Amino acid sequence: MIVCATTLLGSLSGCGATKSDFTISKDLVPSADLGFSISGSLSETDKPIGDHNPIASNVFFADPTSVEYEGRLYVYGTCDQQEYDAKGGFGDNSYGAINTLACYSTDDMVNWTYHGVIPVTQIATWAGCSWAPSIVKKESGGKTKFYLYFANSAVNIGVLTSDSPTGPWEDPVGGPVVDNSMSQLSGDPVSWCFDPGVVVDDDGVGWIAFGGGDPHADDPDENAMDTGNCRIARLSDDMLSIEGEVTEIHAPYHFEANELNYINGTWVLTYCSNYSERMIWPSDAELPAPSGGSMCYMTSTDPLNSDSWVYKGEYCTNPNTQGYPFSNNHSHLQKYGDKYYMLYQNVSLLENMGAPASGFRSIGINICEVDESTATFGSVKMDDAGVEQLKNLDVFAVNQAETAVTTAGVKYYYDDECVFVTEIDDGDWSAISSADFGNGANQFAAKVRGDGIIEIRIDSVDGEKIGEVQFETERGEYTTYVCELTKTVSGVHDLYFVYGGSFVFDEWQFAYVVEEPAE
């Protein structure tokens with residue numbers, strides 16, 4: 001293999017760039033003119049350039065939960081894409097074919113990296129489905145362990161564990177953590193034993209909320225406001241079982257989508273209200289009854305005391321009140337840096353696609369104003385704009401090809417080796433928001449497998465082309481190719497990779513390479 005390094009030493013001081021070395025591979029193959037070109041028009045994206053919502057432009061996932069680790073935010077959700085693919089992009093989402101969870105991460109809140117799916121039922125072989133996850137981490141003995149709880153349909157709740165937020169995952173229990181047959185619930189079951197919401201408090205104690213359903217939907221009576229289907233319990237020290245009693249939370253018009261937070265000594269339950277007619281509401285209530293399918297919250301400083309829970313109102317109404325089609329509702333509150341963010345779901349991506357399907361959801365994220373002293377939420381507005389980017393993306397680091405703000409045409413796939421960009425047609429592309437070239441880069445390297453071309457463009461998808469790599473790899477082998485840029489590129493630019501050929505794309509890196517003068 002040949003290492004490419006062609007820039008003259010004199011240009012280093014002339015442009016102020018800083019010498020950097022490629023770390024993507026020790027063996028770099030120079031790009032050559034192999035006759036590849038990108039013919040035809042550019043593909044259309046289903047997530048318009050400039051929009052930061054939804055998180056994913058080519059994967060449906062929903063029921064968000066998240067955890068921060070080493071400066072990155074990891075978001076997990078029910079993998080609706082699995083059923084969408086199973087139905088060939090037609091029909092309704094029944095959720096019955098979903099037994100995986102999808103995972104994305106970010107450190108800037110705008111460019112998201114896809115980490116593939118977690119094959120839940122291959123790991124927890126006793127389960128048939130995986131919905132509505134809840135992720136927490138817990139420190140023990142100087143190590144961090146991750147606990148990923150999931151709903152096995154509406155039947156029971158399991159947990160997977162890992163030493164990393166991206167796995168590998170294992171099933172430490174070999175069965176459900178919560179089930180109506182357990183002693184604490186056998187005499188007081190819930191209609192739907194699902195939708196776990198888990199939190200670890202400041203003392204390292206884990207708590208789980210769960211339950212759902214609307215048994216009064218067809219026969220409203222004096223108890224219709226209280227569905228009787230929301231529960232909370234303390235978890236054992238190992239987070240793998242319920243310890244002690246299970247307490248009912250009298251959550252008004254509770255339906256599903258439980259999540260827990262712990263803010264300044266206060267437990268916060270968030271949930272989705274049901275769709276029943278609001279025939280009953282206390283006349284002296286300070287807050288109005290929640291609207292149908294809205295996200296509501298309650299707080300307590302004594303979670304196992306049913307009477308301690310206080311209804312605090314709704315903070316995120318149904319998507320159909322916010323300019324989107326009607327869909328079910330699920331949210332998760334996450335503090336990241338010095339801000340609180342609310343992750344939620346709607347069907348905006350599906351609407352953009354115009355596909356002959358319904359109910360396939362996507363996750364968006366917006367700021368939520370939180371008063372930590374009172375654990376009080378402001379209202380959350382869903383929109384396509386999303387949140388501001390927290391920092392620029394470093395092009396001198398090795399970046400995953402499946403990191404993007406939006407894509408057009410391509411899909412993501414994973415095998416035993418890695419996650420990669422695939423199903424590439426001429427004119428497909430990926431976009432990076434606010435890529436930082438610093439004082440200058442003059443070369444680009446891409447790890448690929450197959451035959452094709454990657455054009456590198458800046459500022460717009462049909463903007464200035466600053467370089468390209470062409471390649472033909474040995475069958476089944478990944479190879480890292482390098483090219484010189486047409487100029488030294490510096491500063492911050494939106495970055496676009498435009499594709500042609502038949503290949504998969506794993507990772508990339510820019511550098512400022514200087515050829516040392518011959519002695």
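The lining of the second largest cavity divides into 4 nonpolar, 4 polar and 2 charged residues. The classes work like this: Ala, Val, Leu, Ile, Met, Phe, Trp, Tyr, Cys and Pro count as nonpolar, Asp, Glu, Lys and Arg as charged, and the others, Gly among them, as polar.

Before going on, a word on the source. This is a predicted model, in which local features need pLDDT of at least 70 and side-chain atom pairs count only at pLDDT 80 or more, while totals for chains, interfaces and linings use all residues. Residues are numbered from 1 along each chain as its sequence is written, and side-chain values use heavy atoms, with hydrogens and water left out.

The score pLDDT is the predictor's confidence in each residue, from 0 to 100. The chain averages 94, and 96% of the residues score at least 70. Over residues 1–14 the pLDDT is below 50, although this stretch has 32 contacts in the model beyond near neighbours in sequence; a contact means heavy atoms within 4.5 Å. Where pLDDT is low, the predicted coordinates should not be read in detail.

On a 1 Å grid over the protein atoms alone, a cavity is a set of points where a 1.4 Å probe fits but cannot get out, and a pocket is an open set with protein on both sides within 12 Å along at least five of seven lines; lining residues have an atom within 4 Å of a point. Points are joined across faces, edges and corners, and a volume is the space filled by probe spheres set on them.

How many cavities of 30 Å³ or more does the structure hold? There are 2. Strands here are DSSP runs (E, at least two residues), numbered from the N terminus.

The largest cavity is also given as about 40 Å³. Among the residues lining the largest cavity are Ile55, Tyr104, Trp112 and Tyr412. By class, that lining has 7 nonpolar, 4 polar and no charged residues.

Next, the largest pocket, with a volume of about 600 Å³. It is lined by 26 residues, and Lys137, Val199, Val200, Tyr262 and Gln334 lie nearest its centre. Which strand gives the largest share of this lining? That is β7, with 6 residues. The lining has 11 nonpolar, 7 polar and 8 charged residues.

Strand β7 also belongs to an open sheet of 4 strands, in the order β7-β8-β9-β10, with antiparallel pairing. β7 and β10 (178–179) are the edge strands, each pairing on one side only. Two strands pair if DSSP finds at least two bridges between them; β7 and β8 (143–152) have 8. Within that pair, Val136 stands opposite Tyr147 in β8.

Last, strand β17 (295–300). Why is it called largely enclosed by the rest of the structure? Because 6 of its 6 residues are buried, where buried means under 20% relative accessible area (1.4 Å probe, protein chains only). In a regular strand the side chains alternate between the two faces of the sheet. In β17, Met295, Tyr297 and Thr299 are buried on one side, and Cys296, Met298 and Ser300 on the other. Met298 stands opposite Leu269 and opposite Tyr311 in β18.

Terms used:
Buried means under 20% relative accessible area, exposed over 50%, partly exposed in between (1.4 Å probe, protein chains only).
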